Amino acid sequence: MSGHGYAPQQPPPPAGGSPVTLRVMFVVLAVVTCGLLAWAPLLRLAIVTRKAYDWVVFAVVTALDVTGLVLIGVDPGEEEFQGPGNAGMIVLLCTLMAAVAYYLFADIRHFSRLRQPAFTAYAPPPAPSAYYGYPAAPPPVQETPPAPPAPVRIHQVRAELDELSDYLRKQQGGN
């Protein structure tokens with residue numbers, strides 16, 4: 001139907017729920033785990049968009065999560081984190097914030113581009129005569145209306161202004 005100037009239909013929602021519901025679920029998953037699963041939303045994003053850049057971001061976030069876990073694991077503190085454990089938590093939390101922000105930005109952008117129509121110009125449907133093999137009637141030619149004649153009153157106003165100017169000159173010359 002899009003050949004007749006009608007707007008293209010919207011793509012069906014992705015299987016498994018609406019994009020907004022999936023966004024919320026993946027962000028909650030990453031936040032509840034304090035960044036341990038910050039790679040999960042980025043894996044979904046990379047699968048959905050199939051962009052090499054998103055796969056690279058997924059790999060970097062996964063590597064940072066593993067690094068944070070290793071730093072926490074080698075921490076010698078019994079009840080509180082020491083230097084490596086604190087560094088690991090900072091890595092996890094910073095990775096969490098960056099991953100969630102990028103995931104929301106890229107996912108929203110991806111799905112908004114899918115909803116945009118393939119074309120923006122509206123083409124009206126063809127004339128009914130085109131369906132039956134008859135040539136379409138030419139569009140009516142609109143003639144521009146003639147310019148209105150100059151108003152007669154303008155001559156009267158000019159004459160009055162000339163009289164007023166003469167009167168003012170006499171007044172100034174008389175004083």
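Trainee: In which helix is R44 found?

Mentor: R44 sits in helix α2, which spans residues 39–49. A helix here is a DSSP run of H or I with at least four residues, a strand is a run of E with at least two, and both are numbered from the N terminus. Please keep in mind that this is a predicted model: local features need pLDDT of at least 70, side-chain atom pairs count only at pLDDT 80 or more, and totals for chains, interfaces and linings use all residues. Residues are numbered from 1 along each chain as its sequence is written, and side-chain values use heavy atoms, leaving out hydrogens and water.

Trainee: How many helices and strands does the protein chain have?

Mentor: The protein chain has 6 helices and 0 strands, giving the pattern α-α-α-α-α-α along the sequence.

Trainee: Back to R44: is R44 buried or exposed?

Mentor: Relative accessible area decides this: under 20% is buried, over 50% is exposed, and in between is partly exposed (1.4 Å probe, protein chains only). R44 counts as buried because its relative accessible area is 10%. Across the 175 residues of the protein chain, 21% count as buried.

Trainee: Which residues does R44 touch, not counting residues up to four places away in sequence?

Mentor: With contact meaning heavy atoms within 4.5 Å, R44 touches L22, F26, Y103, D107 and F111.

Trainee: With which residue does R44 form a salt bridge?

Mentor: Side chains of opposite charge can pair when their charged atoms come close. The rule asks for a side-chain nitrogen of Lys or Arg within 4 Å of a carboxyl oxygen of Asp or Glu. R44 pairs with D107, with the closest N and O atoms 3.0 Å apart. Since D107 lies in helix α4 and R44 in helix α2, the pair ties together parts that are 63 residues apart in sequence. D107 is also buried, because its relative accessibility is 0%.

Trainee: Which residues are linked with D107 in a network of salt bridges?

Mentor: R23 and R44 are linked with D107 in that network. In the R23 to D107 bridge, the closest N and O atoms are 2.7 Å apart. This pair joins helix α1 to helix α4 across 84 residues.

Trainee: To what does the count of salt bridges come?

Mentor: The count comes to 3. One of them joins R169 and D166, with the closest N and O atoms 3.0 Å apart. Because these two are 3 residues apart in helix α6, about one helical turn separates them. R169 is exposed, since its relative accessible area is 54%.

Trainee: Which residues touch the most other members of the largest nonpolar core?

Mentor: In soluble globular proteins, nonpolar side chains tend to be buried together. A nonpolar core is a set of buried Ala, Val, Leu, Ile, Met, Phe, Trp, Tyr and Cys residues joined through side-chain atoms within 4.5 Å. Here the largest has 17 residues, and L42, L45, V61, Y102 and Y103 touch the most other members. Helices α1, α2, α3 and α4 each give two or more residues to this core, and α4 has the largest share, 6 residues. L45 is buried because its relative accessibility is 0%.

Trainee: How far apart are L45 and D107 in space?

Mentor: They are 6.5 Å apart, C-alpha to C-alpha, although 62 residues separate them in sequence.
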